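The report below describes one chain of a complex and the surface through which that chain meets its partner. Please read it alongside the sequence and the coordinates.

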Amino acid sequence: MTAVIAVPSSLDDLTFEHVLEQLAPHPADAKVIVDARHTTFATPFGLTALLALAQTRAERPELLPPDDPDTVSYWARAGFFRFAEELFTVRGSVPRPRSAGESDVLLEVTPVTKSDDVHEVVERIQAKAAKILIDKLHLEPRATMGFAMTLSEACQNIVEHAGRGGWVMVQAYRYKKRLGGRFVVVIAVCDAGVGFRRSLESGQRRPLTDRWDDAMALETAVVNGVSRYGEPGRGQGLKGIRGYVHRRDGKFSVRSGTARIAYVPPWDDDVPRREGLAPFPGAQLLIAIPEKVGAAA
Amino acid sequence: MTRIDVGSVLRHSANVPFSDLVTRPTGAAVRRCLERELAALTEGDVAVLDFSRIGMMDFSCADEVVAKLLLALAEQESRPGYVVFHGITDAHLEAIEDVLHHHGLALVVHFADGGARLVGTVSDDERSVWELVAARGALAAADVALAAGRELDEMARVLDSLRRRRLLRHDGLTYGPVGPVT
């Protein structure tokens, strides 16, 4: 039997949970149709997570793209279909994307598998994002460097720990839901690899506690800075991301397995910790940096 | 003085066409190359690691290139030379400071704008004595004590700590800056 997974009209890190809840009862080899026909908005997290979702399926899933021409055009410009067509059977015709680098997206959906990919991503984001980060988000030049560092560390999480490739996407837009329409730049890095719990177990870095689950693994890695590698300098990447996001009044969330942990700024009403979520392999990172308040317009 | 162009090391050792020091494997490749170069230092030599042609540096790469390099040098009891970083900008500093603090290390850094600073984990006494020597040039412990208005024994201990950490040179009776300081 084929299961139809309805993609919400607005697809972001929180509504993606509805997708996973629908998917949870169906084994990996079950046929699924991912129905995005009624989707009119998707964040970088939504797009990269959809690709990671397809990676988890043993049976190639189908994708029904958005009906709305503006939405499907944006997904094409974001480079989504370039990779979706490798992982899904995409029904109907979708716009041909322009060549990478020509779109209005800060960093189109980009695969991250190896260390060289991170170099490429950092190079591209610096060339394209600096002006927007300074002009729209009013970040000082040093903060734009921190942004590239944050992006680099988030991508390296895939290379170092996931055990398989993932995707990154960066976009800046006005945040209508909150922040009074301020600009926000969002980094999403999603993979369907081994996830935090198995990564720590593989390095025998599980803490000596009775309780051990995805939430504990996230706390161990993200909050306490423990990596599967025992060397003293390891685990600094996530700590660096946390520090940068905190200084910029931003948001940082990490989902892995059945848990999600978030550093929530005052402007957001997310919860710091969610457990018992629908299972999803790998790790999914979201970083949101808002426009600096009080800066010269 | 031995000058090592880290940008050139990056391109040759890690074989990447970019100017940014990012990712741990890249950092490890660069560090191994730097270690080979530094092994040739003789007593009193100063190796200037020139970052002028490096774009940015992330935390993971800084841990490999900066922290692990300094930790390896610190383990060498009879380490002959000195290392200073040159051409450092804001694009490098955040990651460098972060990893130095994490490992309790310190480093003499020459900035792209010509200024020199002690970066990393140092005590207030170490910093003020280092700044005094950097400003005045080579000084004996008694001169430092006099200028700082402190006890000679105290200042001798601080100077010795800076010498052991290779943040000042010790030449006969005087302690001097490592490399050219402006």
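The secondary structure of chain B comprises seven helices and eight strands, where helices (H or I, at least four residues) and strands (E, at least two) are DSSP runs numbered from the N terminus. This is a predicted model, in which local features need pLDDT of at least 70 and side-chain atom pairs count only at pLDDT 80 or more, whereas totals for chains, interfaces and linings use all residues. Residues are numbered from 1 along each chain as its sequence is written, chains are lettered from A and ligands numbered from 1 in the order in which they are written, and side-chain values use heavy atoms, with hydrogens and water left out.

| Property of chain B | Value |
|---|---|
| Radius of gyration | 16 Å |
| Box of the C-alpha atoms along the principal axes | roughly 55 × 30 × 25 Å |

The radius of gyration agrees with the value near 16 Å that a compact globule of 182 residues would have; the radius is taken over C-alpha atoms, and the globule rule is 2.2 Å times the number of residues to the power 0.38. Of the 182 residues, 53% count as buried, that is, under 20% relative accessible area (1.4 Å probe, protein chains only). Among the contacts in chain B (heavy atoms within 4.5 Å) with a separation of 6 or more, 66% join residues 24 or more positions apart.

Turning to the interface, 24 residues of chain B are in contact with 24 residues of chain A. Together the two chains bury about 2300 Å², 54% of it on carbon and sulfur atoms, buried area being the accessible area (1.4 Å probe) that two parts lose on being put together, summed over both. B:Phe18, B:Phe59 and B:Glu94 supply 27% of the area that chain B buries against chain A, more than any other three residues.

B:Glu94 also meets A:Arg247 through its side chain in a salt bridge (2.3 Å, N to O), and the count between the two chains is one such bridge, defined as a side-chain nitrogen of Lys or Arg within 4 Å of a carboxyl oxygen of Asp or Glu. Helices H2 (24-38), H3 (59-75) and H4 (90-103) of chain B each supply at least two residues of the side that touches chain A, and the largest share, eight residues, comes from H4(B).

B:His103 lies in helix H4 of chain B and counts as buried because its relative accessibility is 18%. Not counting residues up to four places away in sequence, B:His103 touches A:Pro232, A:Gly233, B:Asp63, B:Ala67 and B:Leu71.

Key: Buried means under 20% relative accessible area, exposed over 50%, partly exposed in between (1.4 Å probe, protein chains only).
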